[in-house]
Amino acid sequence: MSLSTQYESKPTGRVLNIQHFCTNDGPGIRTTVFLKACSLRCKWCCNPESIHPKPELAFDLKKCIGEKECGLCLKECPESAIYVVDTDGKVRINWDLCTNCGKCVPVCPTEALYEFGHDMTVDEVLAEVEQDAAFYRESGGGITLSGGECTLQPEFCAALLAEAHRRGINTAIETAGNVPWEFFRQVLENTDTVLHDHKLSDPERHKQWVGVDNVRIRANFQRAYETFPDKTFIARTPVIPGVNDDEENIRGVLAFIRPYKNVIDYQLLPYHRYGEGKYGFLGRVYALKDFPSLPAETLRRLQAIIDEAFGRKVITN
Amino acid sequence: MNPCVKRIAINIGSGYLPGLDLVVAGAALAADGLGWEIVGIRDGYDGLLYPERYPEGGMVTLRPGIAEAAGRGGSLIGTAARTDPFRVRTTNAENQIEEIDHSDDVLEALRKAGVEAMISLVGGSAVTGLHALSVAFKLHRKRLCTVCVPKSVENEIASVQMAFGYNSVLSHTAETLERIRTGAQDVGRLAVVEVPGQYAGWLALQSGMAALADAVLLPEIPYDIVKVANALAARWGEGRPPALVVVAEGARPAASTAVAGPDAGGLRASLTPNADPEFGEGEHVIDRTGAMANSVALALQRLTGRDVLPFSLGHLVRGGVPTAVDRQLGLAYGAGAVRALQSGEDGVLITLQPPDLKSIPLGESLNRIRTIPAQSELIQIARALGIAFGD
């Protein structure tokens, strides 16, 4: 199925979650709308539930009250993909047989079974976003679209951002840029701040850890910098130990972004494991499960390189 | 191809265990005896899915001579790791990565190669369950004539008394535990060793018994850490210092004794981790190597006031050479799978039921886990040996 038929014909967007009071997703206090589907497969991904475009089942073993007390899902599953483990009497999912039909979700009384992703209209999303309008006015905040890769739903995003603008709400997106240029352009038209990921400078290393090289991503970013000189771009790198925490990588990103005055900052996002448990919810294996955390010293060293490149005074103790 | 000659294929549908090539060799010997051709599919299903990666072909013809070198390491035809023909990760023309069902391509490639039936070695994993068995089951549902051979680290495959590879893993684990126990005993410390076993504690129990463990914590018997500490303290009191606690990775505390942690809020909260101040690293972690050993060791150190050393064997138990039991079992399972095909069987799993090899429908092992009954004789014998379970 081509991307255009997969996403553009939808009058609604496939939303994963709407998170209020975010302070790291653009200027001020923001409401971040996470959209489903991603075209990359970063091994450190902290939002694995956002990857696949369709709604998908998740299961939280802790919340299951077991077959004796309940067992409703066992009767509901048409694929016989739910079974009981004797040791604790609770159910498990055979993820290979599960087709994500979602029939088990409404019968689960404890929300041990849950469906990631649901369709929403522009008005439905904005009704929730506007609840915090007062905070946006006070802090200079607004709405941020994130994901997954929000630009994979270009028509919905463009409509949502345009309507947000019409209602006086500041707009931002978080993107990794691996989409056709036309998708990207369409979404950027009504975006004030573009938070964009430079995960790895080297195309081969990018392919190794992210799944595809970064040639089109860089071409999109470069074209965006030049096409939208009045928009604010903030480059970001999720810093993963042993993957992209080397000076060469950071300097490679700086060399790419510094010629453009509308790229006003380059931020480092230290690796965290918040998403690790969700792999278990989805029956998937976290590729970096035994990776160490990022040493604070590494982050300080890399940050100093960025500060120097942006001409900021570095304070050292 | 001579129309009288039957052509079959064999693959290793899941991960590595010592002596996998013995199963392949057993099948090759039995096929040769029938005058059949047998080919090995490289790296699970990759030989069919990515033929371009294999200049010498994604399928290799197996001759009976391979048996002479079998059992000395390696799997001969490679293992599948996490390849799944129903969810093949691909990059499309628009540079988007997506997971596509290529199972029909697998079936078509087999048909073109003249393969009439498939033998698949299947096993499980703590996170994904009996993934390889499920894949074989789904291919069988698509009318691929299939016979499966069980292989497992944890020996948890339902209706299978002894999966291939378990005996080697058990021997290797017991030997390693013995080394740790004697070392710890000599310096007056207590070692807490985590071994594989997410749902079933066979490996923890049997290796713990073999290595004279002082306590064994199993998924089947929820433990009270205070009772474990008391049992160990009694040993110190008797002048027989304890040295070894074996913990299955899926061991769990009894509900009434579980240390209350912050309520992470489960699935909804997992969507917004930073929004919930109570949500922290580790709360949802279920699959980090050594997590059980660390938490049990910490608790026992607090309760006993003694130095406690956590260890995790993890992948180490998959190494080494196959035992004599697994050598004969592997060859037998391979040959038994060919004999099952010869008998016209389809959609079955070969299982050892001494002194016979039997066939059971794949569905009998799907969605079931073979666990240790808490009141079984094996548990009672372990208690008689002085092993504490913390219950």
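Residues are numbered from 1 along each chain as its sequence is written, and chains are lettered from A and ligands numbered from 1 in the order in which they are written. Because the model is predicted, local features need pLDDT of at least 70 and side-chain atom pairs count only at pLDDT 80 or more, while totals for chains, interfaces and linings use all residues.

Chain B contains 12 helices and 13 strands, where helices (H or I, at least four residues) and strands (E, at least two) are DSSP runs numbered from the N terminus. Of the 391 residues in chain B, 53% are buried. A residue is buried if 20 or more other C-beta atoms lie within 10 Å of its own, exposed if 12 or fewer, and partly exposed in between, with C-beta atoms placed from the backbone. Contacts (C-beta atoms, placed from the backbone, within 7 Å) in chain B between residues at least 6 apart in sequence join residues at least 24 apart in 74% of cases.

The domain assignment of chain B gives domain 1 (7-165 + 322-354) and domain 2 (169-318 + 374-384); such bounds come from an automatic or database domain assignment. In chain B, 10 residues of domain 1 are in contact with 13 residues of domain 2. The side of domain 1 of chain B that touches domain 2 of chain B has 5 nonpolar, 3 polar and 2 charged residues. In this classification Ala, Val, Leu, Ile, Met, Phe, Trp, Tyr, Cys and Pro count as nonpolar, Asp, Glu, Lys and Arg as charged, and the others, Gly among them, as polar.

A nonpolar core is a set of buried Ala, Val, Leu, Ile, Met, Phe, Trp, Tyr and Cys residues joined through C-beta atoms within 7 Å. The largest such core has 122 residues, and those with the most contacts inside it are B:A27, B:V192, B:V193, B:V216, B:L244 and B:V247. Helix α1 (residues 20-34) of chain B gives the most to this core, with 10 residues. Domain 1 and domain 2 of chain B both give residues to this core, so it lies between them. Not counting residues up to four places away in sequence, B:A27 touches B:I10, B:I38, B:I119, B:G334, B:A335, B:A337 and B:V338. A second, separate core of 82 residues includes A:L16, A:A58, A:V91 and A:V125.

In strand β6 (residues 117-122) of chain B, 6 of the 6 residues are buried, so the strand is largely enclosed by the rest of the structure. B:A117, B:I119 and B:L121 are buried on one side of β6(B), and B:M118, B:S120 and B:V122 on the other. Strands pair if DSSP finds at least two bridges between them. Strand β1 (residues 7-12) of chain B runs parallel to β6(B) and is joined to it by 5 bridges, with B:A9 opposite B:M118. Strand β7 (residues 146-150) of chain B is also parallel to β6(B), through 5 bridges, and B:V149 in β7(B) is the bridge partner of B:L121.

Two cis peptide bonds are noted here. The bond from A:G147 to A:G148 has omega near 15 degrees, and A:G148 is found in the loop between β8 (142-146) and α5 (154-166) of chain A. The bond from B:P354 to B:P355 has omega near 5 degrees, with B:P355 in the loop between β12 (348-353) and β13 (356-361) of chain B. A:F21, in strand β1 (residues 13-22) of chain A, has a positive phi of about 55 degrees although it is not a glycine.

Technical notes:
Contact = placed C-beta atoms within 7 Å.
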